[in-house]
Amino acid sequence: MKILLIFFTFYLISDAVRCFSVTGYSGGSILVDSGKLWFSDSVKYMAKLPEWRTIINEKHDKWINEGRFTLFGNNEGKLMIYIRDLNQQDAGRYAIDVPHNQRIYMTLNVEEDSCCKVSKRVMVNIGETANFSCEYSPNHINDVKIIFKEGKDFIETIYSRWKKKERFSISDDKPKNLFSVRITAVTPDDGGVYLCGVWINRDSYSYFIINTVHLHIINFSMIIIISVCVILLLIGGFTQTVWKLRHERRGDVHAQLPTIPSDGLLYAAVSFQKHEESLSDATFALSQDCIHSDYTTVIYHTRLN
């Protein structure tokens with residue numbers, strides 16, 4: 001009976017305190033599934049040992065963020081630990097308290113590897129195909145590859161061996177230690193921060209070594225409109241300067257601003273004149289929205305198309 005009692009007591013202690021070790025790379029991030037339950041109505045506590053420097057001591061129903069450190073609950077109700085932009089000073093032991101007298105001791109090892117040094121930024125036009133690659137350490141050539149997307153207060157699994165989202169695909173080039181991500185027919189909603197990960201599975205916990213990719217979805221037609229507006233702003237500023245100089249010198253020059261039509265295109269002929277010399281006009285086709293911005297000080301000759 002005494003032997004059984006000792007064994008039972010040891011089991012309770014082991015269940016209440018969990019110790020594990022994870023490894024990340026300098027410049028990258030790490031996402032840990034602690035295996036413990038997330039309780040939305042309780043205060044979460046995280047500290048760096050041995051000085052017990054408090055990092056998080058807060059209550060939130062699903063997401064607690066403090067600088068580069070985040071605790072949150074995933075879709076399975078598990079406590080997740082997310083640390084961004086790792087550096088050598090992050091290495092060491094951490095204590096994370098959860099309700100019902102449970103504590104997690106996590107030892108974080110931070111190694112140097114060129115795979116995770118710099119996050120990527122990718123730009124793609126709406127409707128086109130986005131392609132980006134994620135490098136990983138040769139130590140993880142056979143580990144499962146996975147893609148997450150970071151939201152305001154959640155991290156969503158986008159693509160993995162177990163979940164395959166439409167329009168997304170992954171191809172792993174093991175000789176080059178990188179896997180490529182392909183997103184077809186991108187929409188504005190596809191923009192955001194993607195986390196390229198390799199999954200390291202253990203008996204009672206698992207973790208993901210993360211590289212970060214910022215995907216920006218652009219609208220090429222809007223770029224053209226903005227470029228035209230910028231050009232007009234520059235010409236407008238130059239023309240206004242010329243007008244002021246003429247006004248100061250001659251005193252009899254008057255500017256007549258155009259009447260902007262309610263719809264359609266407006267053709268603006270910006271005039272430059274020096275004394276009695278002939279006019280030299282530059283004409284631009286502009287949208288009404290552009291005309292209604294800061295360009296009403298420009299000297300125009302206008303006509304409808």
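This is a guided tour of one protein chain, stop by stop.

**Before you start**

The model is predicted, so local features need pLDDT of at least 70, side-chain atom pairs count only at pLDDT 80 or more, and totals for chains, interfaces and linings use all residues. Residues are numbered from 1 along each chain as its sequence is written, and side-chain values use heavy atoms, with hydrogens and water left out.

**Stop 1: the whole chain**

Show the chain as a cartoon. Its secondary structure comes to three helices and 20 strands. Helices (H or I, at least four residues) and strands (E, at least two) are DSSP runs, numbered from the N terminus.

The accessible surface is about 17,600 Å², and 54% of it belongs to carbon and sulfur atoms. Such areas come from the Shrake-Rupley method with a 1.4 Å probe; for residues, only the protein chains shown count as cover.

How many of the 305 residues, in percent, count as buried? The share is 40%. Buried means under 20% relative accessible area, exposed over 50%, and partly exposed in between (1.4 Å probe, protein chains only).

Contacts come next; a contact means heavy atoms within 4.5 Å. Take those between residues at least 6 apart in sequence: 60% of them join residues at least 24 apart.

**Stop 2: the cysteines**

Select Cys 134 and Cys 196. A disulfide joins them, with 1.9 Å from S to S. The rule asks for a pair of cysteine sulfur atoms within 2.5 Å. By this rule the chain has one disulfide. The bond links distant parts of the chain: Cys 134 sits in strand E11 (residues 130-135) and Cys 196 in strand E16 (residues 192-201), 62 residues apart.

Are these two cysteines buried or exposed? Cys 134 is buried, at 3% relative accessible area. Cys 196 is buried too, at 3%.

Cys 19 has 53% relative accessibility, so it counts as exposed. Cys 116 has 4%, so it counts as buried.

**Stop 3: Asp 190**

Move to the loop between strand E15 (178-183) and E16, and select Asp 190. Asp 190 counts as buried because its relative accessibility is 6%.

Which side chain does Asp 190 meet in a polar contact? It is that of Arg 167, at 2.9 Å. A polar contact is a pair of N or O atoms within 3.5 Å; within protein, one must be able to donate a hydrogen and the other to accept it, and residues adjacent in sequence count only if both atoms are side-chain atoms.

Then show Thr 187. Its backbone nitrogen lies 2.8 Å from a polar atom of the Asp 190 side chain. Setting aside residues up to four places away in sequence, Asp 190 also touches others, including Lys 149, Phe 168 and Leu 215.

**Stop 4: Trp 38 and Ser 42**

Go to the loop between strand E2 (29-37) and strand E3 (43-48). Trp 38 is found there. Ser 42 is in this loop as well.

Start with Trp 38. It has 13% relative accessibility, so it counts as buried. Its side chain reaches the backbone oxygen of Asp 61 at 2.8 Å. Leaving aside neighbours within four places in sequence, the contacts of Trp 38 include His 60, Trp 63, Leu 71, Phe 72 and Leu 79. Now pick Val 98. Val 98 is 60 residues from Trp 38 along the chain, and their C-alpha atoms are separated by 7.7 Å.

Next, Ser 42. It counts as buried because its relative accessibility is 12%. Its side chain reaches the backbone oxygen of Phe 39 at 3.0 Å. Beyond neighbours within four places in sequence, Ser 42 is in contact with Glu 58, Lys 59, His 60 and Pro 99.

**Stop 5**

Two terms come first. On a 1 Å grid over the protein atoms alone, a cavity is a set of points where a 1.4 Å probe fits but cannot get out, and a pocket is an open set with protein on both sides within 12 Å along at least five of seven lines; lining residues have an atom within 4 Å of a point. Grid points are joined across faces, edges and corners, and a volume is the space filled by probe spheres set on the points.

Select Asn 74, Asn 75, Glu 76, Phe 148 and Thr 157. Of the 23 residues lining the largest pocket, these lie nearest its centre. The volume of this pocket is about 540 Å³. Which strand gives the most to its lining? Strand E13 does, with three residues.

Finish with the cavity. The chain has one of 30 Å³ or more. The largest cavity has a volume of about 60 Å³. Its lining has 15 residues, and Glu 135, Tyr 136, Val 198, Ile 209 and Asn 211 lie nearest the centre. E11, E16 and E17 each supply at least two residues of this lining.
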